[in-house]
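Keep the sequence and the 3D view open as you read.

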Amino acid sequence: MREKELRIALVCYGGVSLAVYMHGVTKEVLKIAEASRAFRDGLPPPGGSPGVYHALLQAIARHGGTRLRVIPDILSGTSAGGLNAIFLAQALLTGRSLDPLTNLWLECADSDVLLAPEARMGHRFSKFWAQPLVEWTLRRPGNAVSRTVAPETREEVRGKLSRLMRSRWFAPPFSGPGFSRLIDDALMAMRDQPPGLSLIPIGHPLDLFVTTTDFRGYRAPLHVNSPTDATESEHRLPISFRAHGGDTQLAERAELVLAARATASFPGAFPPLVLSEIDELVTERWFEWPGRDRFLQRIMPHHVHAGDLDSVALIDGAVLVGAPFAEAIRALENRPATREVDRRFIYVDPHPDYRFGEVRAPSRPIGFFSAIFGSLSSIPREQPIRDDLERIALHSADAMRIRGIVDALRPEVEVAVDKLLGRTLFLDRPNAERLTKWRRRAQQAAAERAGFAFHSYAQVKFAGIVDGLANLIWRAIEGERPPLDEIVASLSRYLDTQGLATLAAAKGASEEAIAFFRTHDIGFRTRRLRLLARRLAPGDVGDELAPDERERARDAIYRALSLYTALEQTKALGTEFSRIAANVLSDPEGVLAAIADRRDLRSTDPQVDALLADALSPLPREQRRKLLLTYLGYPFYDIATLPLLGTWGHDEFDPVKVDRISPEDAHSIRTGGTTDTLRGIEFYNFGAFFSRAYRENDYLWGRLHGTERLIDITASTLGEENPLPPEILEELKRDAFLAVLGEEREKGQCDRALVARLEREVIEKLG
């Protein structure tokens, strides 16, 4: 059975009250991860929608011969989408339910609940003089409520809007501390659930990014020729968290509350978050925040350095970053892999064709308030994601280009390696000792034959290694960190004194360069193994092997790969390394020596050779020869391709695919898209904050659409050559829809009549 991982990088937009819909989607992401864990561990199928996902994975195994594992390991969110991402990350890491967040959205995401106590009307005659103005605003011909809200809920919305408009003026109506308490309540309710099993593989990284906006900002230096002290104001403030499968918590409680409160604080509705608000919550609720200083140093080092933390004010992340792809893209680097990976970026966009609940109408004149509101809020939030998608497409195009170059070079490389080592050697079964000797001979020969091309290759290779080491050191330092470019400069100055100012010799690399590469170049080793794994894919050597032979070889390659990728994490350097890394500017020699000693690549390489020798020896002679020629000839390929890719390099030779989850993409139940399913789009996407019925509706459709799209996306891992039959997919979707609605009927959180109507609709449409 072919082993494969579907890795999901999930990007959650803002969307104001449509975040309730996104919560329904993220709940299904958690459910499919639960089903994947049960399928992997051979456990009985779970109930509800996870049971249907379990059946989907079984169908993929039977029909496509692929044992698939689903791992959501990168999460990125902004505004209320960031709130969803935080809770999903916590649930994935701990195996606990998202029900506490469901309660938060359904019970508390209401304008009456969110109103600050001091902003509420004291009695029904509060601001009685404003009542005529309120009535005229809400009932005049063509008013926003009549134009954007369904008739059956207009009175409910008008009542809540009346109370909102008669609350305090010229100050945010909603309570910041109250919002922080609600978030903390949900986190504590999640913590109090029985512990589950982590849905992230042991040791595998889980990365979470949420965006916030630093209202006052800080002065960031500009790299210009003159003046040397040029700066600009920077207001983007991403907050990142990283944990690993097996960890007991994503971050400290106060840090998660801070990130959620800041990213979801819609300007004008909530006051900006100041640090004293979180400090007061910690005191009020009698818990500790021992990592406070370390956390603040990590996320806002400029303010720590300037000593102005008391003046920091954080507002909604979607003000500047409405679609947080960038951080998630950067998280792709140096991720461990023990199986073939199908990497997907999935973004959740509830309203791709709408701005604030209205169809774009180019012919409609833009009014005074529309222009102001649009320029200050809606346009920045709705900026297209084209630039980010083009970055991903460029990544994928580069991967395909490198594939083409490697395929074109293969005949010439195989001839060169064959002549170098002698064809007769390949008739014997390789062992670890021979493989090590052959590998070094081939590497030296490739360097010698490259001529002048080796100089540029060596420089790119060297720069990439130094950048990687600097980044590793920077991540390992706890407390105040020096700028990354200063770490790079410190390492470079030291290495220049060690004879590495010039990397090439008369023939190939200098002795100093060879020693440096053997000690620190993990990137070359992982690229070589990934190319070898790709040769076992369909359409190549993999088609010439029996399934059990192919999978044994593939398993050995990925186990070898995991030995190297584990060494790229700071955990591999031990707990004491943080103290050593802090001296990188004064003692770069000691830091590099510590890395070399703790990684010990010279002892790892023979282990890898032994794994490969054992895996390749049983293969048929011709296929074994092809794989050996690829492994030993990799230096020739790397010299040709690495300079094209720059210091970024490519750990994977496979394209990254992008998928969307939206009402516009899920047509199995209703075909009308957003306008035919979601109610939160009313009143400029704020509709669900004024009606629980709207929140329940959008939450249910989020689960239903999430189910449909996740089934489609997961099934697509089989490729176009061997897809699941349409009738199987339709049956799975029908079962999943009914399973979701059955779960919700049993929980009783949503109106039973609404659930029953949707069940009838599913049965009428799908049988």
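## The largest cavity

The largest cavity holds about 250 Å³ of space. A cavity here is a set of points, on a 1 Å grid over the protein atoms alone, where a 1.4 Å probe fits but cannot get out; lining residues have an atom within 4 Å of a point. Grid points are joined across faces, edges and corners, and a volume is the space filled by probe spheres set on the points. Of the 18 lining residues, Trp105, Phe179, Ala264, Phe270 and Phe689 are the closest to the centre of the largest cavity. Two elements give two or more residues to this lining, helix 3 (80-94) and helix 4 (99-108), and helix 4 gives the most, with 3 residues.

The lining divides into 16 nonpolar residues, 1 polar and 1 charged. In this count Ala, Val, Leu, Ile, Met, Phe, Trp, Tyr, Cys and Pro are nonpolar, Asp, Glu, Lys and Arg are charged, and the others, Gly among them, are polar. The structure holds 3 cavities of 30 Å³ or more.

## Where the values come from

This is a predicted model, in which local features need pLDDT of at least 70 and side-chain atom pairs count only at pLDDT 80 or more, while totals for chains, interfaces and linings use all residues. Residues are numbered from 1 along each chain as its sequence is written, and side-chain values use heavy atoms, with hydrogens and water left out.

## A covered strand

Helices (H or I, at least four residues) and strands (E, at least two) are DSSP runs, numbered from the N terminus. In strand 6 (residues 340-348), 9 of 9 residues are buried, meaning under 20% relative accessible area; exposed is over 50% and partly exposed lies in between (1.4 Å probe, protein chains only). In a regular strand the side chains alternate between the two faces of the sheet. Glu340, Asp342, Arg344, Ile346 and Val348 are buried on one side of strand 6, and Val341, Arg343, Phe345 and Tyr347 are buried on the other.

Two strands pair if DSSP finds at least two bridges between them. Strand 1 (residues 2-12) runs parallel to strand 6 and is joined to it by 9 bridges; Val11 stands opposite Tyr347. Strand 9 (residues 657-661) also runs parallel to strand 6, with 5 bridges between them, and here Lys657 is the bridge partner of Arg344.

Helix 25 (residues 601-616) has 16 residues and should span 22 Å at 1.5 Å a residue, which agrees with its end C-alpha atoms being 22 Å apart. The expected span is 1.5 Å times one less than the number of residues. Among the buried residues of helix 25 are Leu601, Val608, Leu612 and Leu616. The buried residues of this helix pack against several others, including helix 17 (432-450), helix 20 (511-520) and helix 26 (621-632).

Asp600 sits in the loop between helix 24 and helix 25. Its phi is near 50 degrees, a positive value in a residue other than glycine, and Asp600 is partly exposed, at 35% relative accessible area.

Arg535 lies in the loop between helix 21 (522-534) and helix 22 (547-567). Is Arg535 buried or exposed? At 5% relative accessibility, Arg535 counts as buried. Leaving aside neighbours within four places in sequence, Arg535 is in contact (heavy atoms within 4.5 Å) with residues including Arg410, Glu414, Asp540 and Lys626.

Pro227 is in the loop between strand 3 (205-221) and strand 4 (231-244). The peptide bond from Ser226 to Pro227 is cis, with omega near -5 degrees.

Definitions and conventions
On a 1 Å grid over the protein atoms alone, a cavity is a set of points where a 1.4 Å probe fits but cannot get out, and a pocket is an open set with protein on both sides within 12 Å along at least five of seven lines; lining residues have an atom within 4 Å of a point.
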